[in-house]
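Reader: Hi! Could you walk me through this one? I'd like to start with a helix and then move on to the sheet.

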Amino acid sequence: MIITEFWHEDARLVAFNDLAQQQDQPGIHKSRDYFHSLIKAEIDKGIPSSRIVLGGFSQGGSISIFAGLTSPSPLAGIFGLSSYLLLGDTLPSVLTQEIRAANSSTPIFMGHGDADPLVKPEWGSETAKVLKGLGWKVDFNVYRGLVHSADPKEMDDLEKWLNERLPAQG
């Protein structure tokens, strides 16, 4: 069983640039390390890291973005739905040259509703801007009228993106 906790106070009251001060850095690092252990376990089973995509929704998407960017193994892709960049102010310092080399070309898909009251839409767009500024290719998609939820169009877009990263083998 995994016990989760929120990494920030009431999101509606926090601006994007102030998020890092509200976050539980030890908890985020613990979750990142756990995600990295899952990736390593799959690689140890013979799955090439180039066939692994890390992603999720809300906090799951946020930790997927952070863990994917800092993964020592190159990944096929990273996605976050209704998500944002965790510990953004520390990211440049945790990106060693080896980690940057491993995932600097890893594509990122982000989907966000423009009516999300919990994870502000501007957090998603600012995340995409920051990541693009650091050199990542980010496919950022906004879904009109979508609150903190998923949408069939968003799922279709994600499925297409995943199929491009993980074509059928055999």
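This is a predicted model: local features need pLDDT of at least 70, side-chain atom pairs count only at pLDDT 80 or more; totals for chains, interfaces and linings use all residues.

Reader: Thanks! And which residues of H7 are buried?

Author: Glu154, Asp157, Leu158, Trp161 and Arg165 are buried in H7. They span an arc of only 95 degrees around the axis, so they sit on the same side of the helix.

Reader: Nice. Why do residues three or four places apart point the same way?

Author: An α-helix has 3.6 residues a turn, so residues with that spacing point the same way.

Reader: What do the buried residues of H7 pack against?

Author: They pack against S1, S2, S3 and S4. The direction of H7 makes about 175 degrees with that of S2.

Reader: What caps the N-terminal end of H7?

Author: Asp151 does, with a side-chain oxygen 2.8 Å from the backbone nitrogen of Lys153. H7 itself has 14 residues and reaches 20 Å from its first C-alpha to its last, close to the expected 20 Å.

Reader: Switching to the sheet: in what order do the strands come?

Author: The order is S1-S2-S3-S4, in an open sheet with parallel pairing. At the edges are S1 (53-57) and S4 (138-143), each pairing on one side only. From one strand to the next, the twist averages 10 degrees.

Reader: How many bridges join S1 to S2?

Author: Five bridges join them. Leu54, for instance, has Ile78 in S2 as its bridge partner.

Methods:
Residues are numbered from 1 along each chain as its sequence is written. Side-chain values use heavy atoms; hydrogens and water are left out. Two strands pair if DSSP finds at least two bridges between them. Helices (H or I, at least four residues) and strands (E, at least two) are DSSP runs, numbered from the N terminus. Axes are lines fitted to C-alpha atoms, for helices over the stretch in contact, and angles run from 0 to 180 degrees between N-to-C directions. Contact means heavy atoms within 4.5 Å. The expected span of a helix is 1.5 Å times one less than its number of residues. Buried means under 20% relative accessible area, exposed over 50%, partly exposed in between (1.4 Å probe, protein chains only). The arc is that of the directions from the helix axis to the C-beta atoms. A polar contact is a pair of N or O atoms within 3.5 Å; within protein, one must be able to donate a hydrogen and the other to accept it, and residues adjacent in sequence count only if both atoms are side-chain atoms.
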